[in-house]
Amino acid sequence: MSNVISRRGFLLGVAAAGYAAAAQDMVARDENFSVFLSDPHVPGDGTKLDKNHVEHDPAYMYKRLAATVDEVLAMRPMPARVVVFGDIAYLRGERADYEKTKPLFDKLAAEGIDVVFGMGNHDHRAAFFDTYPGWRERTCVPGEVVTKVSLGHADLLMLDTLTENTSAPGVTNPGNGSLSERQAAWLAQEATKATRPFFVGAHHHIHEVGTKVGGKSLGAFLIKQPLFRGYIHGHHHFWKTDRLLDWGRYTVRRVATLPSVGFWGDLGHALFRTAPHLAQLRPVIKEFCFPRHQPDPAKCPATWAAIVADAQNATCRFPLDG
Ligand SMILES: [Fe+2]
């Protein structure tokens with residue numbers, strides 16, 4: 001029996017290997033599956049901590065993010081993307097904060113998971129771009145962190161609602177959300193030219209973004225867009241849902257608020273899946289804490305456990321047909 005492989009056999013073998021690799025790739029990452037994270041607030045080495053966080057386990061936010069990354073990597077299939085809805089940095093957008101968490105996000109990227117970032121009110125764009133220089137080119141609005149990504153059967157227009165205090169590196173920013181004129185124009189163009197359902201993501205709640213888009217408030221503008229299907233944001237650190245109403249056309253759209261990965265409030269992440277006619281967001285709440293993590297569960301107030309228990313079967317459905 002010959003060990004020589006014919007040219008045809010060789011080519012068939014290569015093709016089979018290619019198909020097998022492609023099949024494995026499909027199994028490994030689900031294009032319709034995304035993990036949404038928000039508000040990790042991880043301090044860097046040397047970042048000065050607020051008094052609330054020096055009293056015990058100042059590394060808790062890092063540990064929660066690291067555990068979340070490991071949980072994502074253990075998912076089968078893995079999500080095609082992880083979207084981070086801002087407040088990546090601890091409180092003042094310091095470069096050390098971004099450097100601390102970059103190896104964690106790089107672990108996701110190394111597995112082919114697209115890591116999509118947005119900016120929160122505790123971020124600083126210069127420190128972010130210094131740590132992730134590729135985002136200077138990736139952004140759809142130069143100088144800001146704005147992206148359009150596919151979520152499978154719908155798109156996500158990821159906004160940058162950070163109102164930045166650029167007087168010096170590492171200074172505190174205002175808490176309110178806003179859009180630059182260029183970003184508002186980009187959003188108006190993307191929303192009106194959309195050919196399939198789309199979601200809008202941002203750090204701030206839709207009612208906390210003070211900028212007019214197309215001459216209207218952000219909510220009033222978006223709900224008039226025929227293919228707008230929902231708004232997802234962070235900043236509040238609580239899993240909750242809200243509604244956006246259009247009394248002119250009797251249209252309702254849903255707004256969902258994400259938990260914080262590990263800072264305070266509802267701690268966890270959320271799973272977002274799309275199918276041809278439906279998108280669904282499901283929170284994964286690990287614990288509740290306010291204001292600080294309590295390492296001894298026996299000392300946690302009963303209300304904390306009740307909040308976690310109530311979140312276990314929560315979901316937010318977004319019909320894609322309107
Ligand atoms: Fe925030």
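Is Thr139 buried or exposed, and at what relative accessibility? Thr139 counts as buried because its relative accessibility is 8%; buried means under 20% relative accessible area, exposed over 50%, and partly exposed in between (1.4 Å probe, protein chains only).

This is a predicted model, where local features need pLDDT of at least 70, side-chain atom pairs count only at pLDDT 80 or more, and totals for chains, interfaces and linings use all residues. Residues are numbered from 1 along each chain as its sequence is written, and side-chain values use heavy atoms, with hydrogens and water left out.

**Around Thr139**

Thr139 sits in the loop between helix H6 (134-138) and strand E4 (147-150). Helices (H or I, at least four residues) and strands (E, at least two) are DSSP runs, numbered from the N terminus. Beyond neighbours within four places in sequence, Thr139 contacts Glu144, Val145 and Val146. Contact means heavy atoms within 4.5 Å. A polar atom of the Thr139 side chain lies 2.5 Å from the backbone oxygen of Glu144.

**The open sheet**

An open sheet of six strands has the order E3-E2-E1-E10-E11-E12, with mixed pairing. Two strands pair if DSSP finds at least two bridges between them. The edge strands each pair on one side only.

| Edge strand | Residues |
|---|---|
| strand E3 | 114-117 |
| strand E12 | 316-319 |

Neighbouring strands of this sheet are turned by 20° against each other on average, direction ignored. Axes are lines fitted to C-alpha atoms, for helices over the stretch in contact; angles run from 0 to 180 degrees between N-to-C directions.

E11 (residues 278-289) and E12 run antiparallel, joined by four bridges. Leu278 has Pro319 in E12 as its bridge partner. Helix H9 (residues 302-311) lies across E10 (265-274) and E11, at about 160° to E11.

Conventions
A polar contact is a pair of N or O atoms within 3.5 Å; within protein, one must be able to donate a hydrogen and the other to accept it, and residues adjacent in sequence count only if both atoms are side-chain atoms.
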